[in-house]
Structure formats: structure tokens, C-alpha cells
Amino acid sequence: MKNILKSTIAILSVLVAFTSCNNLAKSGSKSGALASNVAEKVYVAPGEYDSHYAFISGGYSGNLTVYGLPSGRMFKEIPVFSQFATSGYGYSEETKPMLNTSHGFIPWGDSHHPDISQTNGEIDGRFIFINENNTPRIAKIDLKTFETTEIIEVPNSAGNHSSSFVTENTEYVVAGTRFSVPIPQRDMPIKDYKGNFKGALSFISVAPETGNMDIKFQILMPGFNYDLSHPGRGKSHGWFFFTTYNTEEASTLLEVNASQNDKDFIAAVNWKKIEEYVNNGGGTMMPAEYAHNVYDEHTHTATSTMKKEVRVVNPIDVPGAVYFLPTPKSPHGCDVDPSGEYIVGNGKLSANLTVHSFTKMLDAIENEKFDGEAYGIPILNFEDVLAGSVEQPGLGPLHTEFDGQGNAYTTFFISSEVVKWKLGTWEVIDRKPTYYSVGHLTIPGGNSRKPQGKYMFAMNKITKDRYLPTGPEMEHSAQLYDISGDKMELLLDFPTHGEPHYAAAMEASLIKERSQKIYNLEDNKHPYAAFSDDDTKVVREGNEVHIYMTTIRSHFSPDNIEGVKVGDKVYFHVTNLEQDFDVPHGFAVLGQNTSELLIMPGQTKTSVWEPTKVGVWPFYCTDFCSALHQEMQGYIRVSPASASTPMKWSLGEDIE
Ligand code: RUQ
Ligand code: CUA
């Protein structure tokens, strides 16, 4: 134990020394960014459009932010796993079910790795998927509406981190567990972790037409930590690769105890083989509880269904489906190049960057060149699968992306830099500092067969002195580089929101053409919709009051309501009658213990109010929508519980 501690302290002091950003020459950033030819490269004139969309994960914000490249302008925050008062997501009756889980309503999530749907290995811009790490879930966002339309909880998973990456035709969105846990969950001593905990790798099928998600199967793997993953592509399509750490299976002081093995593994999973096994009835259905939340674009309403079982597969029941590739020192990112041949394991504590060869892997499997096994899963021999290694490229490699021109770009957290190197020769071509402590990096289309390699941006953990200070907490930063030449060129520094882990980016054209402008009123199937001022009404059912309300520039109908009493539960069902692009109306009542609503043209949204005080309370539109926006207001009278005030409502005349 003493020795372990000593060696760890040695490692840690090296890390600390390099993590401090002071040793980076600040002036290094000035030369590039100030040059006017660089400014031109990121300048998007007022009214002009950016060439690329970037979707940057919000980390602990639980959401996803949308940026334009090369300008670095933020366009939108899409609420996914967290309640979002700005739009009423997770507050309106229609969207609350999106945040339902087997643990009840959860208002927050930790989102990490967005990935755009693909067809034939190319980004198609239909959907974007993102994982929630803390209470394991996968969300799907429709890129027509930029709305979260489906969330599925992942049972048996814990720390849903090696997620949410899609296969070449979006057959599956894959979610691996970071923490291993007892499966099924049960009361047992933590010290009995080793050999008893398991790690679930979940393959969630995506229906080709609708995009509907369903858990097809889970592979119950040994109790390691499955950190990141990537699909095979091209020749390796049909395989999926997962980095592991803590193959030591420690349950305490992991910074020491999970850094003992010289090599951990990349798990190579032949999912086509397992799919076939499952299609033939293989695997077992196991009791489980997980929420499946679906948002209907016609009722503008989400429903949550609790699923009761999941199919699990023991990997040793499917010979030839899973292998371990030894990979040095707690690899983090697991990245596959556009050809599908190279699998990069970014060993956080390794001096060199390890690259495996898919062809050599198949060959080693064929010739059964095994170097032992772990829990019945064959371990391949390191030398037999090694394609090559990049010698001493930097310190603390995390993630690698590719430009489609035979180059790879790896982030180094400890030495705060991006290093460009050549696939096949493994030589380092260029290195550029990042400011500071870079995590992920993204090349538009980088996770596909066809990267659109003009830009690369790095997302940093520490911002420090890059912007005007904003108190102890600074937003994280991203740095945009031009990678069209031999050398990378730093173009721009822009703030991000929450913690940007991964990002997905693509050329704007596909998304821009398909982006929806309004919701057609005729298609509105919301049960409480009202389609004109004449349609509006107030209906009492016991102590529930349903107000069928409309809104159009610049009034609510009705705008005077009487007959509500303390103790009532009042539902404002507000339909926005506008059929113009970008004209939402808002809705809020004084003293209401929820957020405002933002209702898009053609949509119906519902806000609940349980008045606790007698009085006449105003409501108003929260979104400045016209010159007479300030006139967009109304009153609701609340009488004592015992009162007999008649239920009446009006617009443009007094209630008698
Ligand atoms: S992980 S850098 Cu989810 Cu690498 Cu954040
Ligand atoms: Cu409607 Cu302001």
C-alpha cells in the first residue's frame, strides 16, 4: 500500500506541475488572433449565415447549445435533461413527462456526448442524440424543430458515459456504463465489488423511419469502468469499441487503485453477431424498470411509459462476439478513423498514444492469438493488434478526431495542446496550445466516414484569463482552428455554456433546408386546443378549472376571468394562433410557482396555477411580440373557497 501511495504521489505531482497554466506563454495567443487575415476567416457579416452548425453539450446544464461556425455565435440552448424556464420545458404539463424516470421526476441531468444520425456512414442531419450521465438516459432531438422528442432511460447502467454514439446507419445508438454496479441492484457489501458487479453495454435500436428508440439488448460485461466508445465504420462496421479503466476492479481510492495495471482494455464488440443471436431468441428477458418518454408533435404533448423488462446477453454465451485489446494506462477516448481501420486508445497516463489495427485484430482472432482471458472473454496479444504508436506526443491524451485527409488530432489535457499527427507513419506534424486544459475536440463530421475537415474546435476546462473576469466562475471556452493547411491556425476564442464535453458539428445546408418555421394549426391535435377567439371557454370540473385560451397579437382570449376560488387547480391551456415564423407568445401569472411558458406558433401549452390568495391577479405575455405587447395582459379574479362567484369570462366587454 505504501509503495502504491508513493508512486501515485509521484504521478500526481507531475500532473499538478503541468496542469498549472502559468507555464504557457500567454503572448502565444496574440500573434494569430490579432492578425486581420485571421479576423476575416471568422467574420460573418451581419445578416449573413454561418457555414456550419455546432452542437455543444452543456455538461452539468443538462442541455445542448447550438452555435454557428466560424463565427462562434450562440444561437440557442435546447433543453434536454433539465427544466428550462426560458421556454417552460419541464414546467409545462406537456413537457413534464419528458423528465420522468424510474426514480420519479428528475429536473436535471449531466449531458456529455452529442452525436448526429448517419446514413451510409455520413452525417444526415435528421436527429441528434445525447447521453445523460447521472441518471442514465439517452435523448433524441429532432433537428427539424430543435426540440427534444424522446428520452429513454437505461436500466442496469450507472454513469452513462460511453454513450451516445451511433452506428453507420443509425441502426443503434449505443450507451455503455461508466460505473459497474450489482445487476440486478441489491443490498450487498461494497467490498464484494470484484467479480460481482457488472457493466452493462446497451444497444438501443432506432427505427429507420420514425427514429423511435427501444433497447434491443444489453451486454453484461465484467465489472470494469467503460469510459468512452465509438462505432466501427467502413470495414469495421458491425463492431463497436469501448475503452475501459479500473480493470483492477477497485471500489475505493480509484486514483491510486485503478492505476495499477500497466494496461487496461479496449473491448471490441461484434454487435452484428450479438444482434443475430438475439434475433434468434438468444439472451434472457430480465425484470427492469425504465421510463420511455415520447413527445408527440401533433398533440404537442409527451407521454411517459414505464417499461418492465430488458433483454440481457452474457457475452460468453456468444463465442466470437467480444474480445479485449490491451491498451496502456487507463484510456479515456476511444476513437475510430474514417476508414474504420485504426482504433485509437487515448491512455491518460501513458507516454505514447496507442493505435490498434482492425485488420490485425481480425487476423489475431482468426489465428486465436490469445494472451489469456478475463471472465471468459479472450484477451488478444498487445503486439499482435498494435498498428503503431505516436511516441511522446504530449501529456494526458483524452480525445482524437480525424480530418479525412489521413491526419488525426489529439487533445492533451495536462500539456494543454492539440497535436496533429499522421495515421500510418505516426509522426507528429504540428502542435498548438489551447487555453487551457482541453477536454474534447470536434471536427465537423469527425465521427463519420466523411469528415468535413476545414475547422476543428477544442473545448477547454479552464478559462482563467481569457476573458473579462466574471467572479470565481468563468464559462468554459472553445477555440476554433483552421485545419485546411499543414499547420493548424488558431482563429477564434469563444465562450460556451455549462461544461462542453463533446460536440457534434456539420455543414449547415442539410439542417437549414429542413428547419421547421411554424406548427400548422390544422395539425394541432392537442385535446385542449382552441382554434379561434370564439372557441375559448372556461370549464369547471370539481375543483379543477380548465381555461381554453388563445393568444394572437396582441391579446389573450379570454382576458377577464371570474369564478376561480382558492383551492382550485387552474389549467391555462394556451394556443398560439399565429402562423408566422418566430412569433411565440409567453404566459405567466403573478404568484405562480412555476416558470412562464413560451408557446410557438400553432402550439398549445399548459400552465398550472393553484392560487393561494384571494384577489384579482394579472397575467401577461412574457415575450415582446408586437408594438402592443405591453397591452397583452388580463386579469383573473380569485374568490374565497366558500364564495359563489359565477364562472364567467370575457374579451372586450365587462363581466356583468
Ligand atoms: S468526456 S472531456 Cu464525457 Cu472526455 Cu468530457
Ligand atoms: Cu404576446 Cu408579447
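**Entry: P184**

I began with P184, which sits in the loop between β11 (172-176) and β12 (198-206). Strands here are DSSP runs of E with at least two residues, helices are runs of H or I with at least four residues, and both are numbered from the N terminus. This is a predicted model, in which local features need pLDDT of at least 70, side-chain atom pairs count only at pLDDT 80 or more, and totals for chains, interfaces and linings use all residues. Residues are numbered from 1 along each chain as its sequence is written, chains are lettered from A and ligands numbered from 1 in the order in which they are written, and side-chain values use heavy atoms, with hydrogens and water left out.

I looked up the peptide bond from I183 to P184 and found it cis, with omega near -5°. P184 is partly exposed, because its relative accessible area is 46%; buried means under 20%, exposed over 50%, and partly exposed in between (1.4 Å probe, protein chains only). I also checked P184 against V608: they are 424 residues apart along the chain, and their C-alpha atoms are separated by 38 Å.

S554 belongs to the loop between β36 (544-552) and β37 (555-557). A note for myself: most residues other than glycine have a negative phi, and most peptide bonds are trans.

Next I looked at N120, which is not a glycine and yet has a positive phi near 50°. N120 lies in the loop between β6 (115-119) and β7 (122-132). Its relative accessible area is 51%, so N120 is exposed.

H300 also has a positive phi, about 55°, although it is not a glycine. I found H300 in the loop between β17 (284-296) and β18 (301-313). Is H300 buried or exposed? H300 is buried, because its relative accessible area is 1%.

**Entry: helix α5**

In helix α5 (residues 271-279), I listed W271, I274, E275 and V278 as buried. They cover an arc of only 105° around the axis, so they lie on the same side of α5; the arc is that of the directions from the helix axis to the C-beta atoms. Just after α5, I saw that G281 takes a positive phi of about 95°.

**Entry: aromatic rings**

How many aromatic pairs does the rule give? The count comes to 31 aromatic pairs. Rings of Phe, Tyr and Trp (its six-membered ring) pair if their centres lie within 6.5 Å; planes under 30 degrees apart count as stacked, over 60 as edge-to-face and the rest as tilted.

I picked out Y67 and F494, with ring centres 5.4 Å apart and planes at 40°, so this pair is tilted. The pair links distant parts of the chain: Y67 is in strand β2 (residues 64-69) and F494 in strand β33 (residues 489-495), 427 residues apart. Both Y67 and F494 are buried.

F240 and F242 make another tilted pair, 5.4 Å centre to centre with 35° between the planes. F240 counts as buried because its relative accessible area is 0%, and F242 is buried because its relative accessibility is 0%. I then found F240 and F242 in one aromatic cluster with Y172, F203, F217 and W271.

I looked for charges over rings as well (NZ of Lys or CZ of Arg within 6 Å of the ring centre and within 35 degrees of the ring normal). K348 lies over the face of Y245, at 4.7 Å from the ring centre. K517 lies over the face of F581, at 5.5 Å from the ring centre.

**Entry: around ligand 1**

Which residues surround ligand 1? I wrote down H112, H113, H161, H332, H399, G439, H440, K461 and H501, taking a residue as near if one of its heavy atoms lies within 4 Å. By class, this shell has no nonpolar, 8 polar and 1 charged residues. In that scheme Ala, Val, Leu, Ile, Met, Phe, Trp, Tyr, Cys and Pro count as nonpolar, Asp, Glu, Lys and Arg as charged, and the others, Gly among them, as polar.

**Entry: cysteines and Y519**

I looked for disulfides (pairs of cysteine sulfur atoms within 2.5 Å), and the count comes to 0. C334 is buried because its relative accessibility is 1%, and C625 is buried because its relative accessible area is 14%.

My last stop was Y519, in the loop between α8 (509-514) and β35 (537-541). Y519 has 10% relative accessibility, so it counts as buried. Y519 and L577 are 58 residues apart in sequence and 9.9 Å apart in space, C-alpha to C-alpha.
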